[in-house]
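Please walk through the following protein model from its sheets to its helices and ligand shell.

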Amino acid sequence: MASVERSEEQKKKVVVIGGGVGGSFLAYNIQHCADVVLIDQKEYFEVPWANLRSMVDPSFAARSVINHIDYLTKVKVIVSSAVNITENEVLTADGQTFAYDYLVVATGHEESVPKTRKERLSWYQSEFEKISSANSVLIVGGGPTGVELASEIAYDFPNKKVKLVHRGPRLLEYISTRASQKAIEWLTSKKVEVILDQSINLKSMQDGAIQTSDGETIHADCHFICTGKPMGSSWLRSTVLKDRMDICGRLMVDENLRVRGFKKVFAIGDITDINELKVGYLVQKHAIMTAKNLKMLMMGRNEIFIIFRNNEKRTLTILHLLSPSLSFSSSFSAYSSEKSKEDSLKGFHNGFK
Ligand SMILES: Cc1cc2nc3c(=O)[nH]c(=O)nc-3n(C[C@H](O)[C@H](O)[C@H](O)COP(=O)(O)OP(=O)(O)OC[C@H]3O[C@@H](n4cnc5c(N)ncnc54)[C@H](O)[C@@H]3O)c2cc1C
C-alpha cells in the first residue's frame with residue numbers, strides 16, 4: 001500500500017477507545033499517518049494470553065505488561081475511561097473532550113484491572129503468593145480461563161490439591177468434545193479433580209468451605225472465579241451508538257467493521273457482533289484490516305474497502321499457546337511448554353516492531 005505519511009496539519013484525527021489487543025494494534029499501525037488519540041482505562045497494554053502464566057510466574061508479567069507510551073511513540077495516550085460519544089467527539093471520565101474524524105471502539109470485555117503497570121505487577125506478585133502459600137485451590141469455571149489456570153497451577157505446583165468445578169456437562173464447551181476429553185484427561189493425569197454439572201454459591205463461602213449445588217462441601221485455601229466477563233459496552237448505552245448494540249451488548253458492524261449506519265465509526269475485537277470465536281488472533285486481523293481501510297479513507301478513497309472475511313476453523317489452535325498444558329489438544333502437540341511460551345511472547349513483541 002502507498003505510504004500515507006502526512007504533514008501534521010494534513011493529518012486526520014483518529015480516536016481509538018480501548019488499549020487491548022485490537023485498539024493497541026490499530027493505534028500502532030496508523031500512528032505515523034494520523035493524529036491518533038488512544039483512550040484506555042489503564043496506562044499499559046497486556047498480552048492477555050500471558051495472564052494466567054504470570055499468576056504462577058510473575059517474571060512473565062514483567063515482559064507481558066508494556067506501557068503504551070513505550071511503543072506508541074506518536075500517539076497521544078489518555079489514561080481514563082471513555083464515557084460518552086457524540087457525532088464528532090469523545091468525552092472521558094476525567095472531563096476531557098477529543099474531536100475525531102474517525103473513531104474506533106475496541107473496548108472488548110469488561111474487567112477491573114489496576115491503572116498503572118506497577119500496580120498490575122504487584123497484583124501478579126500477590127496472586128503468586130496466594131497460590132504458593134495455599135495447600136488447596138478451587139477454580140470455578142471450566143472454560144478456557146479456568147482450564148488454563150488449573151493447568152498452570154497443577155504444572156508448577158504438582159503437590160497442591162486443585163479442584164475445578166464447572167456447571168456444564170463438559171469442559172471447554174464451545175469447542176469440540178475431543179478437546180474437552182483431552183483437557184479432562186490431561187488435568188486428571190496431573191491430579192486435578194474436575195467436578196462437572198455443579199455450580200458454586202460463592203455467598204456460601206465460610207472459613208474456606210464452600211457449597212456446590214449438589215450440597216457437597218469443598219474446602220479450599222484460596223479460590224479463583226473464572227466465569228465469563230460481560231462486554232465492555234454498558235457505557236455505550238448513553239451514547240450515539242446506543243441503538244447499534246445487539247441484545248448481548250455487542251456493536252453491530254458491517255463487512256468493513258464500520259458500526260452500522262455510521263460511516264466514520266468502526267468497531268473491532270470482542271465487542272463486535274461478528275459470529276466467530278472471540279480470540280486475539282482474529283482481533284489482530286480486525287485491527288490490521290481496519291488500519292488499511294482507515295489509511296485508504298485518509299488518502300481520499302472513500303468507497304474502496306477491504307472486507308473482513310473470517311475463514312478460520314473453529315479450533316483453539318492458538319488459544320493457550322502459553323500454557324504448559326498444551327499437550328491436551330492435538331493442535332498443541334508441536335509445542336514444548338517453556339519454549340512455546342517464550343516464542344509466543346516474542347511473537348507478540350515482534351508485532352510492535
Ligand atoms: C485469560 C485469557 C487468555 C486468552 N488466551 C488467548 C489465546 O491464547 N489466544 C487468543 O487468540 N486469544 C486469547 N484470549 C482472547 C483474547 O485475549 C481476546 O479475544 C482479546 O483480548 C480481545 O481484544 P479486544 O481488543 O477486543 O479487547 P480487550 O483486549 O479486552 O481490550 C479492551 C480494552 O478496552 C479498555 N476499555 C474498556 N472499556 C473502556 C472505556 N470505557 N474507556 C477506555 N478504555 C476502555 C480496557 O481497559 C482494555 O484495555 C484470551 C483472553 C483471556 C482473558
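In E12, which residue is the bridge partner of Lys163? The partner is Glu193. This is a predicted model, in which local features need pLDDT of at least 70 and side-chain atom pairs count only at pLDDT 80 or more, while totals for chains, interfaces and linings use all residues. Residues are numbered from 1 along each chain as its sequence is written.

The protein has nine helices and 16 strands. Helices (H or I, at least four residues) and strands (E, at least two residues) are DSSP runs, numbered from the N terminus. Of the 353 residues in the protein, 43% are buried; a residue is buried if 20 or more other C-beta atoms lie within 10 Å of its own, exposed if 12 or fewer, and partly exposed in between, with C-beta atoms placed from the backbone. Among contacts with a separation of 6 or more, 62% come from residues 24 or more positions apart. Two residues are in contact if their C-beta atoms, placed from the backbone, lie within 7 Å.

The bridge between Lys163 and Glu193 belongs to the pairing of strand E11 (residues 161-165) with E12, which is parallel and has three bridges. Two strands pair if DSSP finds at least two bridges between them. These strands are part of an open sheet of four strands in the order E12-E11-E10-E15, with parallel pairing. Strand E12 (193-195) and strand E15 (222-225) each have a single partner strand, so one side of each has no neighbour in the sheet. From one strand to the next, the twist averages 15 degrees; axes are lines fitted to C-alpha atoms, for helices over the stretch in contact, and angles run from 0 to 180 degrees between N-to-C directions.

Another open sheet has five strands, in the order E5-E2-E1-E9-E16, also with parallel pairing. Its edges are strand E5 (76-79) and strand E16 (265-267); each has a single partner strand, so one side of each is left without a neighbour in the sheet. Here too the twist averages 15 degrees from one strand to the next. Strand E1 (residues 13-17) runs parallel to E2 and is joined to it by five bridges, and Val15 has Val37 in E2 as its bridge partner. Four of the five residues of E1 are buried, so this strand is largely enclosed by the rest of the structure.

Helix H1 (residues 21-30) is mostly covered, with ten of its ten residues buried. H1 packs against H8 at an angle of about 35 degrees, and the axes are 8 Å apart. Their crossing is right-handed, meaning that the near helix is turned clockwise from the far one by less than a right angle. On the H1 side, the residues that meet H8 include Phe25 and Ile30, and those of H8 include Val283, Ala287 and Leu294.

The ligand has 36 residues around it, of which Gly18, Gly20, Gly22, Gly108 and Gly269 come nearest. A residue is near a molecule if its C-beta atom, placed from the backbone, lies within 6 Å of it. H1, strand E2 (35-40), helix H2 (51-56) and helix H8 (280-298) each supply at least two residues of this shell. By class, the shell has 16 nonpolar, 16 polar and four charged residues. Ala, Val, Leu, Ile, Met, Phe, Trp, Tyr, Cys and Pro count as nonpolar, Asp, Glu, Lys and Arg as charged, and the others, Gly among them, as polar.
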